[in-house]
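Here is a short briefing to read alongside the model. Please keep the 3D view open as you go.

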There are 2 protein chains.
Amino acid sequence: MIDKFLIQQQDFPIERDPGFFETIFALSNGHFGTRGSREEAAFSHELVDEGTFINGFYESELITYGETAFGYAKEHQTIQRVPNGKMQTLIYRDQVLGRDGEILEEERKLDLKKATYERTFIWLAAGVKVRIETRRMASFEDPHLLLIETKLTNLSQAAEPLQFKTCLGPEKTEADQVSDDPRKAQARGNLHYEKLSEHFPLLETQTNRSRLAVVVGKKTTVKDEATEKQLTFDEANQTYEETFSFSLKPEETKVCQSAIYYGDFAPVTAHQAVSPAEIEKQLNQALNRFDNGFEEQAAHMSRFWEASGIELTGDDQLAQGLNFNLFHLYQAAGRDGQTNIAAKGLTGDGYEGHFFWDTEMYMLPFFIYTQPEIARQLLKYRHTILPQARERARELSIEKGAWFAWRTINGHEASAYYPAGTAQVHINGDIAYATQLYYETTKDETFMKAYGLELLIETARFWTSFGFFDEQDAFHITGVTGPDEYTVLVNNNYYTNRMAKNNLEAAFQYADKYWQQDGYQALFDHLEVKEEELAAWKKAAVNMKLLYDPDLKLTLQDEAALERKPWDLTTIPKENFPLLLHYHPVIIYQHQVSKQADTILAEYLFPDTVSIEQQRRDYLYYEKITTHDSSLSRSIFGIMASRLGFQEKAYPYFNSTALMDLTDLQGNTKDGIHAANLGGTWLSMVYGFAGMTVKEDGIHFEPHLPEQWEKLAFSIQYRQERFKVTITQEDVTVEKINK
Amino acid sequence: MIDKFLIQQQDFPIERDPGFFETIFALSNGHFGTRGSREEAAFSHELVDEGTFINGFYESELITYGETAFGYAKEHQTIQRVPNGKMQTLIYRDQVLGRDGEILEEERKLDLKKATYERTFIWLAAGVKVRIETRRMASFEDPHLLLIETKLTNLSQAAEPLQFKTCLGPEKTEADQVSDDPRKAQARGNLHYEKLSEHFPLLETQTNRSRLAVVVGKKTTVKDEATEKQLTFDEANQTYEETFSFSLKPEETKVCQSAIYYGDFAPVTAHQAVSPAEIEKQLNQALNRFDNGFEEQAAHMSRFWEASGIELTGDDQLAQGLNFNLFHLYQAAGRDGQTNIAAKGLTGDGYEGHFFWDTEMYMLPFFIYTQPEIARQLLKYRHTILPQARERARELSIEKGAWFAWRTINGHEASAYYPAGTAQVHINGDIAYATQLYYETTKDETFMKAYGLELLIETARFWTSFGFFDEQDAFHITGVTGPDEYTVLVNNNYYTNRMAKNNLEAAFQYADKYWQQDGYQALFDHLEVKEEELAAWKKAAVNMKLLYDPDLKLTLQDEAALERKPWDLTTIPKENFPLLLHYHPVIIYQHQVSKQADTILAEYLFPDTVSIEQQRRDYLYYEKITTHDSSLSRSIFGIMASRLGFQEKAYPYFNSTALMDLTDLQGNTKDGIHAANLGGTWLSMVYGFAGMTVKEDGIHFEPHLPEQWEKLAFSIQYRQERFKVTITQEDVTVEKINK
């Protein structure tokens, strides 16, 4: 019997990579994240990835190109590991937990209702057994706090001397390995550590080139008397070690509690904004109300599940996968307006901790409809990096507007392979789309005035400068890469042009609407928007080239879609997927093959622009040439299958989507969760199975419930109100609920 | 009055970069080359580029990519600087030539008839004047030998004590500078030097990763008695220093003669194949018959000019440029079957000393028609690297045949930017074209049997695997880059398809011809050629897609030629050329702009396939969108202008071609000569102005002599015979001459 809110190690095949569990059990609160490694890992000889990350805390490094050219991105940005506050062990005589003895009856679980990671096991060393129970949480209420509790129970017949050792210091990471896999992190920096206190663990970490600093502190208590405590600092490893010695009687239990403070990063010059005394105070408070911390976390989660959960009755395994995905998605989002959602959340440094279009197109709808405050912060981040996007546009000879970085942390382009990076200019349209969706869903006028309108205008301007009108006045966008990274530098990519059209229309519509309104003139003046420009946006939008082949009755992904060499995917050996790891780009790009939804993604977003029959034809055509080598693909194919009446296809796609990480479908969950796919799960449920569409006249549901399912229920917020949607095989009910 | 065979420093503007003269005055014999730096440069504080290179002597280095992917080239190969044998100075009391005193009345010149670089000047130091006359040659008769003679004459009133110091050691190079210019050398290795002799300068140079070694020796004599000689070795600089001390009476002249031996490179494990004693013997011989060396060089050149020269009467400056270019072209070619012609010859390390398609398409015709023995060696090089090309094809999932490296020294792909590297698969067709041209011009059956046929077959096989037949049986080649590097990864590039067609036809034609012939069966068996394969080549050739737009009546460079964004080149500021240094590739590639001749190059090669009227239309269209940012462009546009009757265009293009390096047209002659353009000069004269075409029924001339010219005369060899062609405004005479 499956508990839909509990992810337990015992439920997985035994051969799973340890790294898989570290990802699965990772905890985060959008500010920091820490992988679900065993507490004593640092004392073992195993190579594990303990990774603790602070969102947006990165090191830069000059990019070395095999051959460079004008305008290439200058610097790598790589999220860095901050000091590991989880390290602890137990010492019994000369035996060290992790290094010596045996682990018995181990259970590990992620509790999705409490947002805790828990572990119990028995350590057998030198004939003596100790039961160890730990629980851990990354606080949502106080985003600086990581809490770890360890209960030690003596299961032997006599009183035993024990030492509980708990540390704070740089993570012992795997040696960097040269890898041909472009999805892995490129570089881990040489960080500088500074001991800030003599009487409690307080360590500053500084990056070298990006000049950022962050302070991490830790306080630990062992409940009850008769413990002896010693604090030392291991200079060689820059690690604080705190040792508690005590004797434990048979059946007696000691409770050790640690509170770890992960500060906000800041420029090195402005560091230590929070004083050691203040940090110590906060840590002491956390220890004093330790159990309250866990209770508040559970209460927070209860509110989360109410607002953002999806209740699925009829398939417990899928329901569990769904819950797991929504939980990790919620964990991943930066909430401070200065950070965003990394491609792996804060569960690993794959993709360098960069922010991509994944946020806008896969994850934001979930937040917009269920956690609009977070959605607002995520969009605010884009506004924060507008200056860098403008600078980039000028550098690349675009006269007006912004050219957002394809992948970045600090706003500057960090893509070291421009054909599948900088050339993916659709990111501009993606940001505009999400901006509009947020506004239309929330009617948040303050946002529109402060951030939204400027984002819409600056992204729209890019298109009129980058694209062009032909002699028949059709508007073309050439030399770009769409979402499908198995074709690059193409002309009139369907998705890109569709998004550009939408972007231009939105800029026109809102600029027109606010043109004479009070309080907006300053913005228009500042941006030097002229009325002619509005007209130009409209003209480009109306005349946007959207490719269609009338003979084949097919929407075309790009001008060359039918020119390329056919490739029967069924003839490719299974072990040659993903193609990108087995074929040179020249070979991949010369073929009719798609890494992921591209045209289909556009039709998913704008279903009213193309007839259902056409969408069906397009779907069947593109499905045949799509490898889903990107984790962003299956959810969209699943949703469209629901919509288009391919029910027998929808369910397997959703299955893959909902269970992608839990079943390690892409084979690299150990490097971190697939954040976009988490968002895709929610999209699948709400846009797919529930068939939600939002139109001028309101929200509509046209459910396509798989017959196995009894019920689907979820909440959405729409223009300051919250609705509970319940779908059964017979019925759809929408009820307004009080927030 | 211009001496057509003399290039003198005084004829150039005074502001020219010192590096410009080092390139212009460089000497080479295809085995080694050394730049025309002043002998005392190493003793000055100037940063000069003295570069001495041995053809094919390279260091490898792992390529670091910003982001890597499957099948990328693994290693850089960079031609290395070998010990500098030119270093010498004069010491008068505490004054050192180069560092102290003044240089007066300096004259430097390159004598194209003698193949020598000569320099005279007066050194004024501490009130005393010494006249110094040097001459230098890289022997064509003994390719290991560099000879330097220095005559010292005392112009003062009294006998003066002098020291002549001459060295052999690593070159003092400029510090490497980070450059965004992809045309510059990427890396200079850390070489290892070993002193091999105590009694004369003999230095071994070893590379680190590529594990190659080369030995350089030097012997020097000062004529007449009363000189005192001392040999030391400066450990810190790994440099031999030989000092001759003597007293020079007023008007007395001392003659110092050095012979430097540049050995063949070999794997480190097989080095010192030539013993020190043998090297010393050769150097002593060279010194003993020092003047003979210079005489033999002049005799060699006299034969060269007779066989390969082009006599132009009516424009002495152009005639001089022409001679200069042919001389440098002749110097540049590897003659040992193991090496080729680097993009900068042996005059600099730009483009890393790599061999490109430039050889086959721009330089080989000159050698084929005037120096067929060298042409044969250059093609033999391609056969030598066939195993690497086969391996590369397999790695990139091509089932059969060879995929030649776009740029290489050792045969392995060294292009670190595949869109303008590996994707330029036309190199296969280029090699096949040159193979066929060599054979048809020479009827060298031994070559055909040993190398030619295999090259034709293995290159042809690539196309049938890489390309495909569509449903109407047209043969397509997709995802490639043609010669025009301002569009990449295109479909059905006209030039590529034309070359592939020719390659497939040639493979069919010769395989068919030799199919039943004695002595060929082993080759066909070894290559596992089946008769069906011949048919497949023919079918692909016959059905090759060659793009044409019937509405515009235009031959199309690729499927997307008319889709891209128009770019009026006249609106681009002059300082923004070459575009590649001022615009991001995404911007360049999205536009209708051409770096160089592409479709026009194909029409130049196969003039009978397209009507003259069509060629004229194509010319005028492509000329408007071509920037000539590649030095390979103007010569072809010039030839085509001649052929198509655009005489007013032909002359300026030829002017630019003939004087490209002498006028520093591309702005980077200091980095080395533009070898392909040198070949282009010959093509311009012979194919352009002389209007030579070779058909089944023989060689034809249809001259287009500019009216300024009186006469054009040159020799060509055709099927074991040599002909002298003389063209005047009135007449064409072709006379057979005895070799």
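Predicted model: local features only at pLDDT ≥ 70, side-chain atom pairs only at ≥ 80, totals over all residues.

Residues are numbered from 1 along each chain as its sequence is written, chains are lettered from A and ligands numbered from 1 in the order in which they are written, and side-chain values use heavy atoms, with hydrogens and water left out.

**How the two chains relate**

**Aromatic rings**

- Over all chains, the structure holds 100 aromatic pairs. Rings of Phe, Tyr and Trp (its six-membered ring) pair if their centres lie within 6.5 Å, and planes under 30 degrees apart count as stacked, over 60 as edge-to-face and the rest as tilted.
- One edge-to-face pair is Trp357(A) with Tyr362(A), at 5.7 Å centre to centre and 85° between the planes.
- Trp357(A) is buried at 3% relative accessible area, and Tyr362(A) is buried at 0%. Buried means under 20% relative accessible area, exposed over 50%, and partly exposed in between (1.4 Å probe, protein chains only).
- Trp403(A) and Phe462(A) also form an edge-to-face pair, because their ring centres are 5.0 Å apart and their planes lie at 65°.
- Trp403(A) sits in the loop between α7 (386-395) and α8 (426-442) of chain A, and Phe462(A) in helix α9 (residues 445-466) of chain A, so this pair ties together parts that are 59 residues apart in sequence. Helices (H or I, at least four residues) and strands (E, at least two) are DSSP runs, numbered from the N terminus.
- Both Trp403(A) and Phe462(A) are buried.
- One aromatic cluster includes Phe5(A), Phe140(A), Trp305(A), Tyr330(A) and Trp682(A).
- Arg335(A) places its charged end over the ring of Tyr330(A), 4.5 Å from the centre. A charge sits over a ring if NZ of Lys or CZ of Arg is within 6 Å of the ring centre and within 35 degrees of the ring normal.

**Strands**

- In chain B, an open sheet of 4 strands has the order β2-β3-β4-β5, with antiparallel pairing. Two strands pair if DSSP finds at least two bridges between them.
- The edge strands of this sheet are β2 (27-28) and β5 (75-81) of chain B, each pairing on one side only.
- Strand β4 (residues 52-62) of chain B is joined to β5(B) by 6 bridges, and Tyr58(B) has Ile79(B) as its bridge partner in β5(B).
- In chain A, β4 (residues 52-62) and β5(A) pair antiparallel over 6 bridges, with Glu75(A) in β5(A) as the bridge partner of Leu62(A).
- Strand β5 (residues 75-81) of chain A is mostly covered, with 6 of its 7 residues buried.

**Cysteines**

- A search of the whole structure finds 0 disulfides over all chains, where a disulfide is a pair of cysteine sulfur atoms within 2.5 Å.
- For Cys167(A), the closest cysteine sulfur is in Cys256(A), 13 Å away, too far for a bond.
- Cys167(A) is buried at 2% relative accessible area, and Cys256(A) is buried at 1%.

**Backbone details**

- Arg719(A) lies in the loop between β27 (711-718) and β28 (721-728) of chain A and is partly exposed at 33% relative accessibility.
- The C-alpha atoms of Arg719(A) and Thr442(A) are separated by 4.4 Å, although these residues are 277 residues apart along the chain.
- The peptide bond from Phe577(A) to Pro578(A) is cis, with omega near -10°; in chain B, the bond joining Phe577(B) and Pro578(B) is cis, with omega about -5°.
- His628(A) is a residue other than glycine with a positive phi, near 55°, and is buried at 10% relative accessibility.
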